[in-house]
Structures are given as structure tokens and as C-alpha cells.
Amino acid sequence: MKEILVLQAKYNKAANAAMMSIVAGLSDEKLDANLGLFYKNLRAELAHILGVQVAVFGGVFAKWAGVDCADILSQINEDLSLKNSEIASIAKLFAACDEKIIQIIEKTPELEKIDELSFPGITFKKSRANLILALLNHSTHHRGIVGAELELLGVPNDFNGMLGYELQF
């Protein structure tokens, strides 16, 4: 199971880097255009992906693995918003967070152990592997939304296909 989770995390890292290479060239006007979706604009969608990744992997899952995530945790506020929403900072935080996620998965013991993950108003009790997979999938889901947002903005993109990446166990 660990190998599959690491493989998914490596895919997310590669796809996030490809996504950010496209997003980095956009104007603030495009980044902040209201597209009528839940998070309204591309910058807010990226901030949501990162806020959740940093808070959950860096604040919860890292404790299981004994991985120090103070560097990435210092980049978000209590409400999971980003302290710096400039695209260069977002790209840098994606890269740092993706590296930490891989380390966390590699070092997490007892993936079958039942643990808890709580958000306001809801607590999930599942295996560590299930919780990790759910959060990796969360990033994939929102990256798909970023792809749709780019399409709405008329920006060509093709960073979501897992088969297009060379990934090694």
C-alpha cells in the first residue's frame, strides 16, 4: 500500500509542477477573474488546495511520521488561507509541500492503524492509508477544477493525465 501512496504523491508532485508552470505565466486579471465556481477564481482554488495539503499533511499526518513541517506550516493562517498569495510564492509552497508529503508517506508507520481526522463539525475514523489516499485524491480533484478554470480562461493545459508522467516505485 505504501508504494501506491508514494506513487500517487509523486504523480501529484509532477502534475502540480506542470500546473504551476502554466499558471505562473498568467496575469493577475486572469488569476482573479470570477469564474462562477465555488472558490470563484483560480488563485483562490490554488490557495484552497495548498491550505488543506499543508494543514492536514503538515499538521496532522506529519506527526505520525515524525517529519518536521514547521517551514510549510508557517506559510498558512489558522483559517488555512495563505500568508502570501503571489503566484511565485504559491508555486514554491506547492513544491515544498509535495516533497514533505512524499517524506511523510514514506516514514508513516502502521498504515492500517485506525486514526482520526477532524474538521469543524465532522470527524473521520479510518486507516491512516485511507486518510492519506483521501487527501491525495482531494488534490487531484481540485487540480481538475484548475484545468477547467484554465479552459474557461482560454488557456491551453494538459497536466492531469497520470499516464503521461514517468513515475517509478
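User: Into which classes do the residues of the lining of the largest pocket divide?

Analyst: Please note, to begin, that this is a predicted model. As a general idea, rolling a probe the size of a water molecule over the atoms shows where empty space is left. In this structure, the lining of the largest pocket divides into five nonpolar, three polar and two charged residues. The volume of this pocket is about 160 Å³.

User: Which elements give two or more residues to the lining of the largest pocket?

Analyst: They are helix H4 (70-73) and helix H5 (87-107). The largest share, five residues, comes from H5. Among the lining residues are Asp71, Ile72, Ser89, Ile90 and Lys92.

User: How should I read the length of a helix, and what span does helix H6 reach?

Analyst: One compares the span from the first C-alpha to the last with the value expected at 1.5 Å a residue. Helix H6, residues 128-152, has 25 residues and reaches 37 Å, close to the expected 36 Å. After H6 comes Gly154, whose phi is positive, near 75°.

User: Is Leu152 buried or exposed?

Analyst: The relative accessible area decides the matter, and exposed means over 50%. Leu152, which lies in helix H6, has a relative accessible area of 56% and is therefore exposed.

User: Is Tyr11 buried or exposed?

Analyst: Here the cut-off for buried applies, namely under 20%. Tyr11 lies in helix H1, residues 2-23. Its relative accessibility is 3%, so Tyr11 counts as buried. Leaving aside neighbours within four places in sequence, its contacts include Thr140, Arg143, Phe159 and Tyr165.

User: How far apart are Tyr11 and Leu167 in sequence and in space?

Analyst: Separation along the chain and separation in space are to be read as two separate values. Tyr11 and Leu167 are 156 residues apart in sequence, while their C-alpha atoms are 6.9 Å apart. Leu167 is also one of the residues in contact with Tyr11. For another pair, Leu152 and Ala24, the separation is 128 residues along the chain and 17 Å between C-alpha atoms.

User: Which residue joins its side chain to that of Asn157 in a polar contact?

Analyst: For a polar contact, one looks for a pair of N or O atoms within 3.5 Å. The side chains of Asn157 and Glu151 are joined by such a contact of 3.2 Å. A polar atom of the Asn157 side chain also lies 3.4 Å from the backbone oxygen of Gly147. Asn157 itself is placed in the segment after H6. Beyond its neighbours within four places in sequence, Asn157 is in contact with Ile22, Gly147, Leu150 and Glu151.

Note on methods. Residues numbered from 1 in each chain as written. Predicted model: local features only at pLDDT ≥ 70, side-chain atom pairs only at ≥ 80, totals over all residues. Heavy atoms only, no water. 1 Å grid on protein atoms, 1.4 Å probe; cavity = no way out; pocket = protein on both sides within 12 Å on 5 of 7 lines; lining within 4 Å. Points joined across faces, edges and corners; volume = space filled by probe spheres on them. Helix = DSSP H or I, 4+ residues; strand = E, 2+ residues; numbered from the N terminus. Nonpolar A, V, L, I, M, F, W, Y, C, P; charged D, E, K, R; others polar. Expected span 1.5 Å × (residues − 1). Buried < 20%, exposed > 50% of the residue type's maximum accessible area, 1.4 Å probe, protein only. Polar contact = N/O pair within 3.5 Å; in protein donor to acceptor, adjacent residues only side chain to side chain. Contact = heavy atoms within 4.5 Å.
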